[in-house]
Amino acid sequence: MEKDAVSLQDALEHGLTAEEFQKIQDILGRIPNSTELGIFSAMWSEHCSYKNSILKLKTLPTSSDKLLAKAGEENAGAMDIGDGLAVVFKIESHNHPTAVEPYQGAATGVGGIMRDIFTMGARPIVSLNSLRFGNPDEPRNKYLLSRAVKGIGDYGNSLGIAVSGGELFIDECFSKNPLVNAMTVGIVRHDQMASATTGGQIGNAVYIVGATTGRDGIHGASFASKDLSKESESKRSAVQVGDPFMEKLLMEASLEAIQKGLLIGIQDMGAAGISCATSEMSAKGKTGMKINLDLVPFRETGMNAYEAMLSESQERMLVVPKKGKEAELVSIFEKWNLNAVQIGEITNDGFIEILMGGIRKAHIPAECLVLGGGAPRYERETKRPSYLDEVKSWKPDSLPDVTSGKNATEVLIQILSSWNVCSRRPITEQYDSEVGLVKLIGPGLDGGLSSIPDTNKALATATDCNSRYTYLDPYKGAEFAVCESARNVYVTGARPLGVTNNLNFANPYIPENYYMFSECIRGMGDACRFLELPVTGGNVSFYNESPEGPIFPTPTIGMVGILQDKTKLLSNFPKEAGIELAILGNFRPSLGGSEYLKKVYGQVNGAIPELDIKEELALCNLILSLNEKGILKSARDLSLGGIAIALSKTVLFSRLGISADLSSLKQDRLDLTLFGETSTAVLVGFVSSEKEEIQKQTQASGLKFYSVGKTNESGVLEFQKEGIRLSFDQLNEPYENGLEAIFAL
């Protein structure tokens, strides 16, 4: 692979354009050699440089008086939660690796996001995952889903981090190109936060710590910046191989070194490995770095400089210790049976200088390699897809209402058993949600809620995005994703605090795809601005498409909220008979983009539910106010599947019966009443004596109150006027069996 000089053809094969190759020559004042080309290829890939997205990302709101680390400043976002503590959180993707090797692809996605958190000095306390897969009736899709879930579970369980929630969405468009978005949330004291910098400390030593370096993961960053093709399945060398037990040791050693104040800076070696860590730390510290690759602990023989610089072997860090603390650093890592080897030093010339075998293999200005520095930035051509007008013109009247008579019961069972609605137990039971003893509300409900150790506070977490909605209306669909994620946080009793996002889209060079990306960014930004939620960082994943076509645009929203008093947590379901149920908000159901329309008619069509962002904020404040006063017994978001599914799940989780009266919700069509999906609606439970006060406060908030029924001890869900009567067992069997066959041994 080593060449003294490279050609334009070499650059094109590395995913660079002719213009970019010329820019490299202008920066260097010469033609790069093969190692330098490899470094530029990785660092200027979409995965590392965000070259086709950074200008759009800069339009997102990033300001808050609680921010301690803004988007792009560190490995993850950090926000003040009081008492000298910060919450550190981020979400990232491992889509392409999962499509090729699902177990390791998903597992190393979890490992990578964990390192982003603990490199900042934060101890991870919970993780989440947002998954998109194709129809699991197809053997390849079933294999991808089952192996990815096992990889996520095995890595996180071995590391000892609880899973607090997540989501699974299944649609044919994700066949061959699944999405695996992993989120981690950690806690750190303000005075123990670490930074990915050299600190400007000229002459300080540079150490590589953790695992050895091998050939796994080479070209991982550039692989994630290309379309998947038939040839992609042979790209297993671009998929990293993880060792969660090694990561556990690395986490403990790193946190010990940080807490003892030994470090100037620390950086994970994720995408682009040593290339990324050296350049990003140097650029941030406004220094250079001289590295001798002969000193790197290798696990394979004969590795050259190109391979060493691009290796994405897992469980490694680059650290800069304080002067005089080097021996103490080494002793800590040796105690944990990890490598800690000096491989270089900080220089004052701003260059990354790479030596091997006594020969200079690369000499590149650090600033020109990094996001926000000299890496290229583009804004691509946009073109509104023609199908958007076609789908919006669809009217529900074009299809018959199949819920008349006894059919309503059959349809309810059909939707309850669908892959997007049914129980996630076959997945969540593979994850340890009890480890660390932080769980207050675990996975499988709207949002997770976890105790913050040694405090009376709790963190709420959620990931959300309805990919059908963003396909049908990218702007409003992205707004909806932000609002739904916020709802799933505040129905736990917590106030939404900040957002991280994982933007999963197709090839940005296709104008229609870039239009969808741009509109989703616009919708997300407008929603976050109005709700006063800063975007603290995240990830962009382009090129998510297979030979069959692009995925639905999926701007996954990761949300974190804070509950100041965990004794005031709000249950997702009532726990006793005699509790009244009502919807607060504004019930404006739509069949457009609904699970009903897809499951019954096989269509993704129509206008998505109407959304008023002012009402969303009012509903958030109303729920939090009512809960603070101790008025509410339960709250859950009303979304996928409509009121019929929300009430069915209430019976299943509470094991109570419900006598439902939907008169206040009645629409022109029964299917619209039962299965229409809506924004700005929360199903709440309360004792009858509080009804008048709740109605009064709801009206004062400019929202509506809809009575929908009452719990009883029968264990039966009954819609008397609609002719539906189903026992717990009749609901439970289809709900629990929906995913069972996929994960059966």
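Strands are DSSP runs of E with at least two residues, numbered from the N terminus. The model is predicted, so local features need pLDDT of at least 70 and side-chain atom pairs pLDDT 80 or more, while totals for chains, interfaces and linings use all residues. Residues are numbered from 1 along each chain as its sequence is written, and side-chain values use heavy atoms, with hydrogens and water left out.

**View A. The annotated pair, Glu92 and Asn539.** An unreviewed UniProt entry gives the feature "binding site" at Glu92 and Asn539. These positions are spread over 448 residues of sequence but cluster in space, with a largest C-alpha distance of 5.2 Å. UniProt positions follow the numbering used here, feature names are shortened, and annotations may be inferred rather than shown by experiment.

View B. Glu92 lies in strand S3 (residues 85–93). Its relative accessibility is 22%, so glutamate 92 counts as partly exposed; that class lies between buried (under 20% relative accessible area) and exposed (over 50%), using a 1.4 Å probe and protein chains only. Leaving aside residues up to four places away in sequence, Glu92 touches residues including Ile113, Asp116, Val180 and Asn539, where contact means heavy atoms within 4.5 Å.

**View C. Side-chain contact of Glu92 with Lys90.** The side chains of glutamate 92 and lysine 90 form a polar contact of 2.9 Å. Such a contact is a pair of N or O atoms within 3.5 Å; within protein, one must be able to donate a hydrogen and the other to accept it, and residues adjacent in sequence count only if both atoms are side-chain atoms.

**View D. Surroundings of Asn539.** Asn539 is in strand S18 (residues 535–541) and is buried because its relative accessible area is 2%. A polar contact of 3.4 Å links its side chain to that of tyrosine 50.

Note on methods:
Helices (H or I, at least four residues) and strands (E, at least two) are DSSP runs, numbered from the N terminus.
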